Amino acid sequence: MCGIWALFGSDECLSVQCLSAMKIAHRGPDAFRFENVNGFINCCFGFHRLAVVDQLYGMQPIRVKKFPYLWLCYNGEIYNFKQLQKQFGFEYQTLVDGEVILHLYNRGGIEQTASMLDGVFAFILLDTANRKVFLARDTYGVRPLFKVLTDDGFLGVCSEAKGLINLKHSTSLCSKVEPFLPGHYEVLDLKPSGKVASVELVKFHSYKDEPLHAACDTVETLPSGSFDLETVKSNIRILFENAVRKRLMAHRRIGCLLSGGLDSSLVAAVLLKLMKEINVSYPLQTFAIGMENSPDLLAARKVAAHIGSEHHEVIFNSEEGIQAIEEVIFSLETYDITTVRASIGMYLVSKYIRKKTDSVVIFSGEGSDELTQGYIYFHKAPSPEEAAEESERLLKELYLFDVLRADRTTAAHGLELRVPFLDHRFTSYYLSLPAELRIPKNGIEKYLLRQSFEDSNLLPKEILWRPKEAFSDGIASVKKSWFSILQDYIDQQVDDLLLEKAAEKYPFNPPKTKESYYYRQIFEKHYPGRSNWLPHYWMPRWVKATDPSARTLKHYKSATQE
């Protein structure tokens, strides 16, 4: 996890512009480099490093003797860099996994490069010999990337939008800063003036398709075309374990977030099992957050005891949660209601990990709810086919919601996130299964995933079959939910009259509740006029909902009241 930043064709002095690069310093607390491009005095790279692999030669932009005309700035991890080296006979000069991008590009161009990378990434590749700039981002947008391109060809690229919004230029940049689309690469011509012109934007991978890099994966080809339940369950276990195994690549200590829910518990259990197999020299640290005696804390404690991790509990009170709201919204760069709500706990636990431990590479369970139909409203899906379509829509928009939350809350504290549920092979296989296999059954969401691990003894049965908790309830005390605490506080902060006139003040995505109004006010304070970064609020489907919380859904109420 690092922070990348680059400018091409700047009219302003680069020493002034580089102050914007410091806005993302939190993403790479270990080192910083600012480098001009030879022959292009108005082009430069900025890089903030979190040293996770090759601590000696890992600084960027990466340049190697074999390709002196290539400059690479990337954020991410390429899990198959050794397999690609073996397959194509690449001769690496460093131990940096991202060096493979240079070799792949030299061998087969940008399309093959992006398609063959098994991992999470956002990168800027400059080819001065052919006067090209390339941008690319992984399938689900696990690693963030923003860009601004003016009409006169000034290009700015950054891991977070906050590194671009204050750039100086002769024309306005205000409305043009936008997220770079996941699963795409862009080709731009580099002119002698240092300015650029976009040539094409190409989608290189659809999450439903088996990735091109599957051909050189460490897992053999699985039985395909058979949807026999035992075969399916075995394939799910094999691919998920493989997804966790490949993510063990790190020279820094590995930890795991553990809420006690199904997703994080499965990740933690498989992670610890594999760490033992390869004789990792330290115990796995797991981290749970909640208010005193919250359901998540109790469940996580049970899982940690079962798997044998070194468990840490972070207890926060309502005042600490409320005080964190503004800095969370600033970090997130969004005002989406459920994203802000769910980010507070993750932000506070990440703060604890950075201050109190030496764990840096943090595993988490993001992506499972979208992939395996874990949200409670999936019980209301009119048909298995519509549920499958909704699952795909959620995966497509992950970069705006859960993946954004997971990246920004951890990156704000210099941690690197790993999300095995969003492994390309695992997700493409799961999505290839018949729609009726993937829907909730017997009133239980993620039924197939739970069923697949039922006989593994990885988790206690009550955890494996624990119903979905709304995150804001899971971390709250049993006496009063975090949802209710927030409502009570915000009710005092936002006047009824302000809410009545919300649509006039904020015509785009107008706030409908006091909570959304409160978040929007804070967002506009830091990012005025940029509300279009969020195309729409996250809301459940097939139910008449005015609030995204699962707590407001009928199925959730009946389950929690039994």
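These legends describe close-up views of a predicted model.

View 1. Six strands line up in the order 2-3-1-9-8-10, with antiparallel pairing. Strand 2 (31-37) and strand 10 (178-179) form the edges; each has a single partner strand, so one side of each lacks a neighbour in the sheet. Strand 8 (residues 146-149) pairs with strand 10 over two bridges. In that pairing, Lys147 is opposite Glu178. Helix 1 (residues 14-21) packs on the sheet and touches strand 1 (3-8), strand 2 and strand 3 (40-49). The directions of helix 1 and strand 1 make about 150°.

**View 2. Helix 9 and its bend.** Helix 9 covers residues 337-356, and its end C-alpha atoms are 30 Å apart. A bend of about 35° falls at Ser343. Of the 20 residues, 14 are buried, so the rest of the structure largely encloses helix 9.

**View 3. The Arg341–Glu515 salt bridge.** The closest N and O atoms of this pair are 2.5 Å apart. Arg341 belongs to helix 9 and Glu515 to helix 21 (residues 514-526), so the bridge ties together parts 174 residues apart in sequence. Arg341 is buried at 2% relative accessibility. Glu515 is buried too, at 1%.

**View 4. The Lys208–Glu392 salt bridge.** These side chains meet at 3.4 Å, N to O. Lys208 sits in the loop between strand 12 (196-203) and helix 4 (229-246), and Glu392 in helix 11 (residues 384-396), so parts 184 residues apart in sequence are tied together. Lys208 is partly exposed at 41% relative accessibility, whereas Glu392 is buried at 16%.

Notes: Residues numbered from 1 in each chain as written. Predicted model: local features only at pLDDT ≥ 70, side-chain atom pairs only at ≥ 80, totals over all residues. Heavy atoms only, no water. Helix = DSSP H or I, 4+ residues; strand = E, 2+ residues; numbered from the N terminus. Expected span 1.5 Å × (residues − 1). Bend = angle between axes of the 7 residues up to and from the residue. Buried < 20%, exposed > 50% of the residue type's maximum accessible area, 1.4 Å probe, protein only. Pairing = 2+ DSSP bridges. Contact = heavy atoms within 4.5 Å. Axes fitted to C-alpha atoms, helices over the stretch in contact; angles between N-to-C directions. Salt bridge = Lys/Arg side-chain N within 4 Å of Asp/Glu carboxyl O.
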